Amino acid sequence: MLHNLHVKNLALIDEAEVDFSQGLNILSGETGAGKSIIIGSIGIAIGDKVSKDMIRKDADYALVELVFSVDETVRNKLSALDIPMEDDQVILTRRISGGRPIAKINSETVSAAKLKEAASLLIDIHGQHEHQSLLKQKNHLHILDIYARNELKDHLEKLAAVYGEYTRIRKELNESSMDSEQRARELSFLQYEADEIEHADLMIGEDEELERKYRRFSNSQKIMGSLGQVYQLTSVDGAAELTGRAVQEIGAASGFDERVLQFEEQLMEIDNLLNDFNRDLAGYMEDADFDEAQFYETEKRLDLINNLKAKYGGSITQILERCDQKRDRIAKLEDYDSYLADLGERLAGKEEQLERLCKKVSGIRQKKAAELTEKIKSALVDLNFLDVSFRMEFTRKKEYSASGYDDAEFLISTNPGEPLKSLTKVASGGELSRVMLAIKAVLADCDETGTLIFDEIDTGISGRTAQMVSEKMNVISKDHQIICITHLPQIAAMADTHFLIEKQADKNQTVTSIRRLSSEESIAELGRMIGGVRITDTVLKSAREMKDLAVATKNSGI
């Protein structure tokens with residue numbers, strides 16, 4: 001659900017904030033008041049393109065922010081996109097400065113693509129022709145799959161897995177097509193590389209040990225110089241001589257005081273430790289003579305391993321894995337005919353599996369399509385398509401896909417005797433809006449998008465059709481939050497929450513604002529929508545009756 005919209009410095013809006021409610025939110029206002037800017041700002045927040053001239057005059061930046069609450073299902077999907085969550089709340093922010101938009105989700109900067117992907121789980125905007133998935137045939141099958149998801153889910157998951165195996169085998173088979181000369185060249189090259197790795201006789205972890213030895217050899221002069229200084233400072237010419245003399249001095253006094261005796265014991269322990277340290281240090285320096293031949297062998301071995309890493313992988317483990325892969329490929333090429341035959345058999349087996357699964361999925365789809373289109377047709381009749389025909393036509397793709405071999409398209413005829421034609425070719429904006437509304441009404445229980453926005457849903461309709469549209473929107477608002485811009489009082493009367501968009505001139509500036517209307521203010525706005533300039537008592541009475549009728553409709557459960 002969309003809780004809050006905050007807009008600043010965008011077009012005619014200086015600063016506006018709206019708190020939306022559940023159910024049906026209606027936005028109305030005079031023509032030119034800026035209703036499209038409000039919906040446009042939401043579009044900008046979810047990733048629509050924005051031009052530099054959208055920033056309000058004399059402002060350095062524009063800002064749009066949306067605050068949503070989400071349920072567990074949507075939360076899990078957003079988490080899968082690595083979206084940081086904050087108490088089941090999602091904040092989408094888009095700031096435009098210098099023509100460059102910066103998008104954030106819960107204060108974390110994201111790409112425009114990620115913003116759109118996340119927003120698609122939260123909100124769906126429908127305009128007269130913009131943002132309407134019905135105009136894209138590829139989405140028709142998606143609508144059917146949403147309706148039939150309970151029956152299709154397991155079959156589609158299995159189909160996608162088998163299709164992945166099928167494409168992998170087919171790719172391997174296509175890449176393995178070669179003549180004898182090509183095969184001989186590849187065999188020779190693979191054999192050379194495998195032999196090169198095997199002759200190196202690599203051991204996991206030896207590179208790390210060699211690097212430690214190399215560092216020690218490379219810095220041996222510095223090490224020995226430092227240790228020589230240490231030995232001189234701690235041996236008989238330094239600290240050892242001083243601690244020895246100190247032991248003698250304290251020994252002369254320790255017999256007269258128990259505490260001094262304790263100091264003597266501590267000092268003798270220090271003297272012993274220092275003598276042991278010097279013996280160990282002297283032994284290390286004696287054994288650590290620089291061996292130039294060993295250094296050369298270490299450097300040579302390291303160079304070999306690093307060259308192999310550059311060619312075959314970043315670690316010895318990866319190099320050995322590549323060697324195994326090459327030996328496997330060699331074995332296949334040496335028995336090439338059997339290898340191709342095996343690939344062909346496996347591909348044929350996967351194709352048989354695909355065919356069975358695709359046929360099963362297609363059968364379910366066609367059965368559910370009959371149910372879906374019958375329900376949509378009934379909803380269209382409710383929306384004043386009196387003699388409508390509506391069905392889904394299936395064709396088979398030339399190739400398999402992860403979702404099957406079906407192509408499907410909605411077909412419609414709105415007049416008796418008129419042939420069915422593609423929904424994508426419906427010319428009337430009013431017809432297309434009502435078809436979309438009918439589909440949304442049928443899919444209300446299946447659609448997981450919490451907030452639906454309808455812009456110009458009332459294009460090309462009036463009278464009884466407008467009343468029917470308002471009743472359908474009321475049905476959808478039982479399961480979804482609806483935000484709708486309308487010019488028609490029949491639709492506005494059905495509002496659970498009514499907002500007025502106004503344009504005002506202030507100090508040579510034009511400003512668009514939006515505010516929530518009280519019950520009486522809503523009736524007055526309905527009166528304006530009914531009566532135009534002159535709002536008489538009769539007009540207000542009609543507006544009140546229209547509102548009462550809408551409330552009665554809501555209470556009746558329609």
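I began with the side chains of Glu151 and Lys368, which meet in a salt bridge at 3.2 Å, N to O. This pair ties together distant parts of the chain, since Glu151 sits in helix H5 (residues 149–175) and Lys368 in helix H13 (residues 336–382), 217 residues apart. I note that the model is a predicted one. I then looked up the accessibility of both partners: Glu151 counts as partly exposed at 36% relative accessibility, whereas Lys368 is buried, with a relative accessible area of 11%.

Lys368 also forms a salt bridge with Glu371, the closest N and O atoms being 3.0 Å apart. Glu371 and Lys368 are 3 residues apart in helix H13, so about one helical turn separates them. For Glu371 I found a relative accessible area of 31%, which makes this residue partly exposed.

I next turned to Glu355 and Arg396, which form a salt bridge whose closest N and O atoms are 2.9 Å apart. Here too the pair links distant parts of the chain, with Glu355 in helix H13 and Arg396 in strand S9 (residues 389–401), 41 residues apart. Both partners are partly exposed, Glu355 with a relative accessible area of 27% and Arg396 with 47%. In the structure as a whole I have 25 salt bridges.

Which side of helix H6 do its buried residues take? The buried residues of H6 are Leu190, Glu193, Ala194, Ile197 and Ala200. They cover an arc of only 125° around the axis and therefore lie on the same side of H6. The face turned away from that buried side carries the exposed residues Ser180, Glu181 and His199. I also checked the length of H6 (residues 180–200): at 1.5 Å a residue its 21 residues should span 30 Å, and the end C-alpha atoms are 30 Å apart, which agrees. After H6 comes Asp201, whose phi is positive, near 50°.

I then looked up the largest nonpolar core, which has 52 residues, and noted that Leu372, Leu380, Val435, Phe454, Ile457 and Met473 touch the most other members. Helix H14 (residues 429–442) gives the most to this core, with 8 residues. Apart from it lies another core of 47 residues, among them Val18, Ile38, Ala62 and Ile514.

My last entry is Gln490, found in helix H16 (residues 489–492). Gln490 counts as buried because its relative accessibility is 16%. Leaving aside neighbours within four places in sequence, Gln490 is in contact with Gly463, Ala466, Gln467, Ser470 and Met546.

Note on methods
Residues are numbered from 1 along each chain as its sequence is written. This is a predicted model: local features need pLDDT of at least 70, side-chain atom pairs count only at pLDDT 80 or more; totals for chains, interfaces and linings use all residues. Side-chain values use heavy atoms; hydrogens and water are left out. Helices (H or I, at least four residues) and strands (E, at least two) are DSSP runs, numbered from the N terminus. Buried means under 20% relative accessible area, exposed over 50%, partly exposed in between (1.4 Å probe, protein chains only). Contact means heavy atoms within 4.5 Å. A nonpolar core is a set of buried Ala, Val, Leu, Ile, Met, Phe, Trp, Tyr and Cys residues joined through side-chain atoms within 4.5 Å. The expected span of a helix is 1.5 Å times one less than its number of residues. The arc is that of the directions from the helix axis to the C-beta atoms. A salt bridge is a side-chain nitrogen of Lys or Arg within 4 Å of a carboxyl oxygen of Asp or Glu.
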